[in-house]
Amino acid sequence: MGDVRCPNPTCRGPLRRFRDLTGEEAEATRAVVEKYPGERAERFRPQAYHRCTTPGCRRVQRKDNWQVGGNLPEGF
């Protein structure tokens, strides 16, 4: 993955490295993004998301739209 925008305050910078989701992260991401109408139920596609690799950051977001996303629960 390339460097993309991460809006979390833990990152403190405009661009951060992201990676594809693991299996557990994909299931947790489904719960995080279900508030977005286009991401509910059968429309959710885990491969459309990636995760910030900055230590301490739990941000997951769509690869094509950084505004669609959120933070994984504690423990991820």
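Mentor: A polar contact is a pair of N or O atoms within 3.5 Å; within protein, one atom must be able to donate a hydrogen and the other to accept it, and residues adjacent in sequence count only if both atoms are side-chain atoms. Here the side chains of Arg 51 and Glu 25 are joined by such a contact of 2.6 Å. This is a predicted model, in which local features need pLDDT of at least 70 and side-chain atom pairs count only at pLDDT 80 or more, while totals for chains, interfaces and linings use all residues. Residues are numbered from 1 along each chain as its sequence is written, and side-chain values use heavy atoms, with hydrogens and water left out.

Trainee: Where is the place of Arg 51?

Mentor: Helices (H or I, at least four residues) and strands (E, at least two) are DSSP runs, numbered from the N terminus. Arg 51 belongs to strand β3.

Trainee: Is Arg 51 buried or exposed?

Mentor: Buried means under 20% relative accessible area, exposed over 50%, and partly exposed in between, with a 1.4 Å probe and protein chains only. Arg 51 has a relative accessible area of 7%, so Arg 51 is buried.

Trainee: With which residues is Arg 51 in contact, leaving aside its neighbours within four places in sequence?

Mentor: Contact means heavy atoms within 4.5 Å. With those neighbours left aside, the contacts of Arg 51 include Arg 17, Phe 18, Arg 19, Glu 25, Val 60, Leu 72 and Phe 76.

Trainee: How many salt bridges does a search of the whole structure find?

Mentor: Side chains of opposite charge can pair when their charged atoms come close. The rule asks for a side-chain nitrogen of Lys or Arg within 4 Å of a carboxyl oxygen of Asp or Glu. A search of the whole structure returns 6 salt bridges. In one of them, Arg 51 pairs with Glu 25, and the closest N and O atoms are 2.6 Å apart. That pair links distant parts of the chain, since Arg 51 is in strand β3 and Glu 25 is in helix α1 (residues 23-33), 26 residues apart. Glu 25 also meets Arg 19 in a salt bridge, at 2.7 Å from N to O.

Trainee: Do Glu 25 and Arg 19 count as buried or partly exposed?

Mentor: Glu 25 counts as buried because its relative accessibility is 4%. Arg 19 has a relative accessible area of 31%, so Arg 19 is partly exposed.

Trainee: With which residue does Asp 64 form a salt bridge?

Mentor: The partner of Asp 64 is Arg 62, with the closest N and O atoms 2.8 Å apart. Asp 64 counts as exposed because its relative accessibility is 60%, whereas Arg 62, at 18%, counts as buried.

Trainee: Against what do the buried residues of α1 pack?

Mentor: In α1 the buried residues are Glu 25, Ala 26, Ala 28, Thr 29, Val 32 and Val 33. They pack against β2 (15-20), β3, β4 and β5.

Trainee: How many bridges join β3 to β4?

Mentor: Two strands pair if DSSP finds at least two bridges between them. Strand β3 (residues 49-52) and strand β4 (residues 59-62) run antiparallel and are joined by 3 bridges. His 50 has Gln 61 in β4 as its bridge partner. The two strands form a hairpin with 6 residues between them, and Gly 56 in the turn has a positive phi of about 90°.

Trainee: In which sense do β4 and β5 pair?

Mentor: β4 and strand β5 (residues 69-71) pair in the antiparallel sense over 3 bridges, and this hairpin has 6 residues between its strands. Gln 61 stands opposite Gly 69 in β5.

Trainee: Where is Arg 58 found?

Mentor: Arg 58 is in the loop between β3 and β4. Its relative accessibility is 22%, so Arg 58 counts as partly exposed. Not counting residues up to four places away in sequence, Arg 58 touches several residues, among them Asn 8, Arg 51, Gly 70, Asn 71 and Phe 76.

Trainee: Over which ring does the charged end of Arg 62 sit?

Mentor: A charge sits over a ring if NZ of Lys or CZ of Arg is within 6 Å of the ring centre and within 35 degrees of the ring normal. The charged end of Arg 62 sits over the ring of Tyr 49, 5.7 Å from its centre. Likewise, the charged end of Arg 5 sits over the ring of Trp 66, 4.3 Å from its centre. Arg 62 lies in strand β4, and its contacts, not counting residues up to four places away in sequence, are Glu 39, Ala 48, Tyr 49, His 50 and Val 68.
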